[in-house]
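Me: I have a structure open here and would like to go through some of the terms used for it. Could you help me see where they come from?

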Amino acid sequence: MGPYDSSISPAAGSSNSSSSACSSSTKPPPPDQMDHLLAGAGYKVRSNELNQVAERLQHLETVMVKSLPVDISEMVNDAVYYNPTDLASWVDSLLTELNTNVTVPEPVPVNTDLSDLHEFPSGMNVYGSNHAPEMHGEFSQQAVTPLEEDVSIRLVHVLMTCAEAVQRGDLSLASLLIDDLQALLGRVNSGCGIGKVGSFFVDALSQRVVNSPENGVVQVELTAYENEILYHHYYEACPYLKFAHFTANQAILEAFDGQDCVHVIDFNLMQGLQWPALIQALALRPGGPPLLRLTGIGPPSNDGRDSLREIGLKLAELARSVNVRFAFRGVAASRLDDVKPWMLQVSPKEAVAVNSIMQLHKLLGPGPPIDLVLDWIRDLNPRILMVVEQESNHNQPEFLDRFTESLYYYSTMFDSLDACTAQPEKSLAELYIQREICNVVCCEGSARVERHEPLVRWRERLTSAGFAPLHLGSNAFKQARMLLTLFSAEGYSVEENEGCLTLGWHSRPLIAASAWQAIPKPSPATMGR
Amino acid sequence: MAGSNEINANEAKKVVPLHTWILISNFKLAYNILRRPDGTFNRELAEFLDRKVAANTVPVDGVYSFDIVDRATSLLNRIYRCAPPDTDSGRQPGAGILELENPLSTTEIVPVIIFFHGGSFTHSSANSAIYDTFCRRLTALINGVVVSVNYRRSPEHRYPCAYEDGWEALKWVHSRSWLLSGKNPKVHVYLAGDSSGGNIAHHVAVRAAESGVEVLGNILLHPLFGGEERKESENKLDGKYFVRVQDRDWYWRAFLPEGEDRDHPACNIFGPHGIDLKGVKFPKSLVVVAGLDLVQDWQLAYVRGLEEAEQQVKLLFLKKATIGFYFLPNNEHFYTLMDEIKSFVTS
C-alpha cells in the first residue's frame with residue numbers, strides 16, 4: 001500500500017488555531033479564553049486561571065512529596081480519572097485523591113462551553129508497502145523505490161482524478177480512467193492493502209459512472225438474513241463493534257447505578273450482541289439486578305421472520321437464567337425517524353438509556369430528521385445517551401471530498417483487518433464494509449445513509465440539541481485496551497479525547513464513543529414555549 | 001522536605017515563564033505517579049493522560065502532516081511537510097498526491113530531519129501534542145521535511161529497541177524517492193532529538209557511520225547521557241528545576257538491560273565502555289545544553305569527547321534554560337535555538 005495524501009477541504013470557518021510557528025503576539029487575549037500556548041500542548045486552561053492552576057500544581061507537589069511512593073501507586077490503581085485535557089480539574093482530582101484539605105477558592109467551572117473547541121479535521125494514515133528485498137546487500141545509498149509503492153501512489157492518483165472527473169460530470173474521462181484503474185489493479189496485489197480496498201473504490205466509481213452519476217444508485221437491498229450474516233462476520237473479524245458495545249455497556253451500567261427500574265432503548269437491535277454482557281453485569285451488580293426493559297428497534301423483516309421477536313426471546317431466556325427480571329419490546333421501523341416516542345412506552349419512573357451504535361449519522365440526510373429525533377430523545381429524559389459513530393467526515397457536500405476522505409478511512413480499516421491474521425474468513429466482513437463504501441460513493445439524497453461525521457461535529461450537534469457530556473474515564477479506557485489484547489493484531493489504539501474514547505488503527509482513530517445526558521428542558525411556564 | 005520543595009518551586013518559577021512552569025510541572029507530577037517504585041510503569045494511565053493529535057493533511061500555518069506505517073517493521077513515522085505556497089488555502093483535494101510522486105526538489109537542497117522525541121525512553125509518542133507542535137515549528141523553520149519516529153519505549157522495550165527503530169527509520173528515509181532533493185539527488189538527512197531522542201540520534205549516527213550511511217548532521221537537544229559517577233551538576237541541581245537524580249536513575253534502570261549499570265555504553269558514551277570515535281566519519285553535531293539541567297555535566301563531557309575524537313561539534317549553552325524550554329515559544333532560548341538549528345541545516 002503506497003503513501004498517498006488526503007486533502008480535506010477545511011471545514012467552513014475552522015482553521016486549527018493551535019500555536020503557530022512563531023507567535024509573539026503582544027496583545028493579551030480575552031481573559032476567559034482558553035490559553036493558546038497550552039492548547040498547542042493539548043491542554044485547555046482558561047487564561048484567567050493560569051495562576052490558580054500553578055498554585056494547585058505546587059500544592060499537589062507538596063502533598064505528593066509527603067506521601068509514600070507506594071501509597072501513590074495504590075491510589076492510582078483504584079482511582080478513576082476523567083478528561084485530562086481539562087488541566088485544572090485533573091490537578092484537583094489528584095488533590096482530592098490524596099485526601100487533602102484543599103479549599104478551592106472558587107467553584108471549578110464545569111466546562112460545557114464548547115465554543116472554543118478547535119476543530120481538528122481528521123488526517124489519514126498512509127502505509128509503506130512491503131519492501132522487496134533490497135538490491136545492494138543490506139542497504140543501498142541509492143534510492144531504491146519499491147515497485148509496489150510506485151504503483152500504489154499511481155493507483156491513488158488515478159482514483160482521485162477519476163473522482164474529480166465524476167464530480168465535474170466528465171463521464172467520458174471518468175470511464176477512461178476506470179479502465180486505467182482496472183489495469184493498475186492488475187499490477188498490484190489485490191489480496192491486501194491498496195489493491196483490495198482500491199478495487200472496492202474502483203467498483204463503486206464505475207457503478208456510479210455507469211448508472212447515474214447525478215442521482216446516484218440505489219443499493220440492492222439484502223434480506224434480513226443476509227444483513228445479519230455480514231454483520232456477524234464484521235463483528236468477529238475486527239474489534240470495532242465489540243469496542244462500541246463494551247464501552248457503551250460500561251457507561252450504561254454506571255448510569256444505572258442505584259436504579260431499580262431501567263429501560264434500554266437500542267436504536268439498532270440487530271442480533272442483540274451487545275446485551276448479554278449487560279444483562280450479566282446487571283445480574284452481578286452489588287445489591288441485585290434492577291428490572292430491565294429492553295426496547296429493540298430494527299427494520300421490519302422482509303423475509304417473513306420476526307427477527308426482533310426472536311432476539312427478544314433469546315435475551316429473555318438468558319435473563320431468566322441469571323435471575324434478571326426482563327421485558328422486551330420490539331419496534332419495527334425502517335428508518336429511525338419513523339419511530340415515534342409513544343412506541344417506546346417509556347415510564348417516568350424508569351431510568352432510560354438510549355443506545356445508538358452507528359445509527360445517528362443515518363439521520364443527517366435531507367430534511368431535519370436529526371433535530372426531530374434528538375428532540376424526542378431529550379424528551380425521554382435519558383440518564384444516558386450513548387453515541388458511537390465512525391470517526392470521519394463522509395458527509396461533506398462535495399463528492400470529491402467525501403471520496404477522498406472515505407478512501408483513507410476505509411484503507412485504514414482494511415489495513416487493520418488485514419493484520420488480524422487470526423480470522424481467516426474475512427471476505428464477508430469485507431463485504432459488510434464494501435456496502436458502506438458503496439453507499440458513501442455511489443448514493444445520493446435519501447438513499448445515502450452512511451453520512452458519517454467526526455466527533456467534533458457530533459459534539460456541536462449534541463450540545464446545541466441540549467445534551468451535556470458525560471465523560472468516559474480511565475477505567476473504561478483501561479478496559480478497552482484490555483479488550484484489544486484479545487485481538488492478535490498489534491496496532492489497534494485506544495485514545496482518550498476530552499472525555500470520549502476512540503478506537504483506531506495506529507494513530508488514526510476510526511470509531512468514537514461518547515456519552516451524553518439530557519439537560520432538562522426549561523418548563524413551558526417559565527419559557528413561554 | 002516540604003520546605004525545600006517550596007524553595008525549589010519558587011526558584012524554578014523565577015526563571016521559566018508561567019506557561020512553561022505549568023506545563024513541565026504537570027508532566028513532572030504525572031510522571032511521578034506513572035513510575036512505580038518496583039520499576040514497572042503504568043502504561044495504561046500514561047496513554048490515557050498523554051494528549052495526542054491526529055495527523056492533518058490540511059496545512060496549518062503552512063505545514064501538513066501524515067502518518068506512514070512501515071509494514072515490514074510496524075513502525076510508525078509521522079511526516080511533516082511544508083505546503084506549496086500557492087495552494088495553501090482552498091487546496092485541491094488530491095493535489096497532494098502529486099507531491100509524493102516527485103522528489104522534494106530537483107534544483108534545491110531540502111533538509112530532512114529525522115526527529116526522535118524525548119520522554120526518557122519511556123514517555124510520549126510521535127503523535128503527542130507537544131511533539132507534534134514542536135515538529136511543525138521545526139518543519140516551517142527549516143522549510144523542509146521532518147520525520148518523527150514512533151520508536152518503541154521502555155520498560156516494555158529496553159535497549160537496543162529504540163536504537164534499532166531509529167536505524168530502520170534512517171534506512172527508510174534514505175530509500176524514499178519523494179524525499180530526494182538537489183541537482184545530484186539524494187536525501188539530505190539530519191538526525192535530531194531531545195532528551196532520550198538525542199541519545200538515540202547519537203547511537204543511530206554511530207551505526208550510520210559504521211555502515212557508510214550518510215547523515216549530514218546531528219542536533220541533540222539536552223540529550224540524555226549519564227554514568228555511575230555523580231557529577232557536580234547532578235548534585236547541585238538535584239530537584240531544583242523539575243528533575244531529580246532519582247528519577248533519572250529510574251529511567252536508566254528501565255531502559256538499560258537488566259543488571260547493567262549506568263556505565264553501559266548506551267548511557268555513558270565516552271565512559272569506561274565507550275567506543276573510540278576518532279577517525280570515524282561521524283556527522284557534525286549541534287549539542288544544546290540547558291544550564292539548569294542537572295544532566296549538563298554529562299552533556300558537556302559528551303561534547304569534550306567528540307572534540308577529543310576530532311569530530312566537528314558546536315556547543316550551544318543556554319545558561320538560564322531548563323529542560324523543555326523549547327516546547328513553548330515564550331522565551332529567548334527558544335528563539336536562539338531556532339536560529340541555531342536553521343543555520344546548522346543550511347550551512
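Reply: Happy to! Keep in mind that this is a predicted model.

Me: Why does Met160(A) count as buried?

Reply: Buried means under 20% relative accessible area. Met160(A) has 3% relative accessibility, so Met160(A) counts as buried. You will find Met160(A) in helix α5, residues 147-168 of chain A.

Me: How far is Met160(A) from Asp92(A), in sequence and in space?

Reply: They are 68 residues apart in sequence, and their C-alpha atoms are 49 Å apart.

Me: Now chain B, please. Which helices and strands does it have, by number?

Reply: Chain B has 11 helices and 8 strands.

Me: Why is chain B called as compact as a globular protein of its length?

Reply: For 347 residues the globule rule gives 20 Å. The radius of gyration of chain B is 20 Å, close to that value, so the chain is as compact as a globular protein of that length. Its C-alpha trace spans about 60 × 45 × 35 Å along the principal axes.

Me: What share of chain B counts as buried?

Reply: With that under 20% cut-off, 68% of the 347 residues of chain B count as buried.

Methods: Residues numbered from 1 in each chain as written. Chains lettered and ligands numbered in written order. Predicted model: local features only at pLDDT ≥ 70, side-chain atom pairs only at ≥ 80, totals over all residues. Heavy atoms only, no water. Helix = DSSP H or I, 4+ residues; strand = E, 2+ residues; numbered from the N terminus. Rg over C-alpha atoms; globule rule 2.2 N^0.38 Å. Buried < 20%, exposed > 50% of the residue type's maximum accessible area, 1.4 Å probe, protein only.
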